[in-house]
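Welcome! Please take a moment to look over the structure below before reading on.

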There are 2 protein chains.
Amino acid sequence: MCKQYLHRLDCTKCLHSVRIRYNSCSELERISLSAVDALKILCLSKVLDFHHPHQLKDGLEGFSLDLPEHAETLEQILVDCRDTLKYGVSTGHPRFFNQLSSGLDVIGVAGEWLTSTANTNMFTYEVSPVFILMEEVLLKKMQSIVGWSEDEGDGIFCPGGTISNLYSILVARYRVCPEVKTKGMGALPPLALFTSEHSHYSVKKSAAVLGLGSESVMVVTCDERGKMIPAELESSILAAKSKGLLPFYVNATAGTTVYGAFDPLAAIADICHTHRLWMHVDAAWGGGLLMSDRHRRKLQGIERACSVTWNPHKMMCVPLQCSVILVKKPGLLQECNKLGAEYLFQTDKPYDVNYDTGDKSIQCGRHVDVFKLWLMWKAKGSDGFGSQVNKCLENAEYLYDQLKRNSDFQLVFKHKPEHSNVCFWYIPPSLRALQPGPDRDRRLHEVAPQIKGRMMEKGSVLIGYQPFGDKVNFFRCVFSNPATQPEDIDFLLNEIITLGADL
Amino acid sequence: MCKQYLHRLDCTKCLHSVRIRYNSCSELERISLSAVDALKILCLSKVLDFHHPHQLKDGLEGFSLDLPEHAETLEQILVDCRDTLKYGVSTGHPRFFNQLSSGLDVIGVAGEWLTSTANTNMFTYEVSPVFILMEEVLLKKMQSIVGWSEDEGDGIFCPGGTISNLYSILVARYRVCPEVKTKGMGALPPLALFTSEHSHYSVKKSAAVLGLGSESVMVVTCDERGKMIPAELESSILAAKSKGLLPFYVNATAGTTVYGAFDPLAAIADICHTHRLWMHVDAAWGGGLLMSDRHRRKLQGIERACSVTWNPHKMMCVPLQCSVILVKKPGLLQECNKLGAEYLFQTDKPYDVNYDTGDKSIQCGRHVDVFKLWLMWKAKGSDGFGSQVNKCLENAEYLYDQLKRNSDFQLVFKHKPEHSNVCFWYIPPSLRALQPGPDRDRRLHEVAPQIKGRMMEKGSVLIGYQPFGDKVNFFRCVFSNPATQPEDIDFLLNEIITLGADL
């Protein structure tokens, strides 16, 4: 296996689907020899070398987490670095299927390295002239890809999809009632917002943080594929109105966390239009598909959204963290968040201070998350991102086809995946003869955690599982690392069969 | 000048006050040759090579910000990287005095490079076993340095001081009324919180975001040194009560942004105790002084706080971003923020899921900000951070002494600086004969922006200015880069005199 991964590193054909961009290994080395070394460390090893918290805390093999009073030697620092990588999880490994963010893009990592060397902040043009302009260019590009016109669109890069979603509710609330900024929630009647039962929990969390309360979130029923049912949304809106609540915001999801489902955006946009509601699209996971000519039709209707969350650190394989909130109406973000702290954002500076973004943001200091994305875009082009996304979705179809053919597995729903999520149960030999029902469910529920536990101990591959609604624990495989090949998928299924044979 | 900076790089004595840690240049190079190269690029050049937004957008010297449809060559990518650094601001330059965050710690940068290579997320032990434990170790250490006992203390690293301050209000509000999480602000009477007129604007911004409204923030008067006056706080609390508001939270600042003032924490703690209010200490800037035996007494009383914000990316010179919110009562952060999304945070995993921190956080995905701090702590020891802080405060005293001696300058207040902030006016020749009054003020107000503009054009040094209260524009010099030497301070003053001689 070591040889295989080494081959992948030597041969850029396998390393990334961006292979057409980096023509030879020597070019790769010119980016940074150390980056290649780091990749070697990651890929030659297991996906993880699991230890329980107490084992790591006890100072396993001399790896001490304790903070010293006096300096350690430089030799020890290097050992600490090696140990940190050794006991960590290789999210860049082609057999890491555990999270929506995976992979390790060499140019992206180089971008992050330059960012940390530049060590600056996004609040003013004064300290980040280049990065501020890159943010503007990226926002404009992403807005045009969403389908907004030249004179529409604003946005900001922020620390993760949850914060992006929080921004959308914050701005929508301000739009309903600007006085909320100064007077608080007392200036408003009780509000209601809507999201599907398959949507991300950040909508509820944001409602709690923003002082609306999690109960102001109305949960709309989905169909069996995890898509919001428009008629259910409509009746939920009417029900809220009849209770004296003020509906103001709908979150539609483009790519749900578990099923990878796309809500019917156009139908939801119609309903939002009728009821004059803010339509947000949480495309944190699905936004990447906009880069692919083959798959962008799945987000049809997104151009009608008032705001969009899109995380390039997921489907576009940008190193963590890189998330954006796009807002259609220019100026709203600034109006909603500005406090005009003259002691920080002076207006008598020797340049156009409209480029200072500090007052548009909730944060004061803001990490530079744009450069790695900008650099990757230069290195791949829009079409390179497209091929990368296509590759991941081809992997999902391959897995789907294998599962359909193999009676050891059962798909959670029979449809072909729309995104790269594939959900399935492994049915161990002892359960195969059982009739569907509570007893089988109870036993099946324990299968995935047990296999996962063994998988972590062995460290050969990593995949997630969860229960959902009335469905007992099932595996969810996701593909966002273009380095994954069909043989890795075969390996995954064989490994599950091997690890679960005696269950 | 080039020679001088090159010398600083070759000789670790000058490069960092952590010189005692890195014994020779060859050791430095063994950390990473590329890091040294990057430093050379930064330090051999000017502090900045200023261009207006329209100049950079027009594609200066072939540097195009546009995002291509097809991939660029690798040669072009490297040119893009070089241009990005060239037109950026060298915050690691010893003559960059513009922000509270500056400097470039080689070990910190190496830590950030490893972090981006590991490319993982802080939500679960499963994907971040080592970093999750490092966070625990760092939190415990920082809590003990604040002065909390073994059984007290909780916290989380989050994206910047504003978000840390927001957490403190969020948790304090939950403490007053846990129903706010589900029912929203309607579950509560109108609230009041208190902060000084010199405090950071994030308290008001957070109140707006959280749905309390910015008007719920009562601004307490300070003395001439920028310290909150306890008697004013007391009367402000009583006034709020008499208006039917419910006081619940006081923010005390340890190290204000402009003056570097420390609020009298012990006196404020007494008042909070009397009125049963949550006491938060915003030590984003001042927290670093806790590492110094010589200066930690300035934060006396911080051990009585219910929560503390502390940004190691400021006074401890950790690369951006690294901020922590500490909460004294264990479990509160988790109770306040948990939503129990079983599809993400499974409870039947093969390890102790108490180590999964995702439900303690507002964010879902959370960037790994701990490793660089952990690694720097290993490389310096607590005492190394202490010497670094001492060095920065010695620089401030040196500047203060020079200013006192030189009649071209006027201090904003006569006291010796408590932190590393030094605030002063430059009085150009044409104003020296004028009597204090509106006319002199009007003209003096324009001096700092004009000099700053010339400074940016020249790129030799960078320092901030702002008006504050009834004070017209003045310079604020801050020291957080231990590489700065007295000769850099002499250079700054001479440069101001040169650039302002004709004003």
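## Where the chains meet

Keep in mind that this is a predicted model. In it, 137 residues of chain A are in contact with 137 residues of chain B. Together the two chains bury about 12000 Å², with 62% of that on carbon and sulfur atoms. On the chain A side, A:Leu67, A:Tyr343 and A:Lys378 lose the most area to chain B, together 7% of what that side buries.

There are also 67 residue pairs in polar contact between chain A and chain B, counting pairs with both residues at pLDDT 80 or more. Helix H15 (residues 370–405) of chain A gives the largest share of the side touching chain B, ten residues. By class, that side has 69 nonpolar, 40 polar and 28 charged residues.

## Salt bridges between chains

Ten salt bridges are counted between chain A and chain B. One of them pairs A:Glu136 with B:Lys57 (3.0 Å, N to O). A:Glu136 sits in helix H8 (residues 129–146) of chain A and B:Lys57 in helix H5 (residues 53–57) of chain B, so this pair joins two chains. A:Glu136 is partly exposed at 30% relative accessibility, and B:Lys57 is partly exposed at 40%.

A network of salt bridges links A:Glu126, A:Lys349, A:Asp356 and B:Lys452.

## A buried pair within chain A

A:Asp154 and A:Lys360 form a salt bridge, their closest N and O atoms 3.0 Å apart. A:Asp154 lies in strand E2 (residues 154–158) and A:Lys360 in the loop between helices H14 (332–337) and H15, so the pair ties together parts 206 residues apart in sequence. Both A:Asp154 and A:Lys360 are buried.

Methods. Residues numbered from 1 in each chain as written. Chains lettered and ligands numbered in written order. Predicted model: local features only at pLDDT ≥ 70, side-chain atom pairs only at ≥ 80, totals over all residues. Heavy atoms only, no water. Contact = heavy atoms within 4.5 Å. Buried area = accessible area lost by both parts, 1.4 Å probe. Salt bridge = Lys/Arg side-chain N within 4 Å of Asp/Glu carboxyl O. Polar contact = N/O pair within 3.5 Å; in protein donor to acceptor, adjacent residues only side chain to side chain. Helix = DSSP H or I, 4+ residues; strand = E, 2+ residues; numbered from the N terminus. Nonpolar A, V, L, I, M, F, W, Y, C, P; charged D, E, K, R; others polar. Buried < 20%, exposed > 50% of the residue type's maximum accessible area, 1.4 Å probe, protein only.
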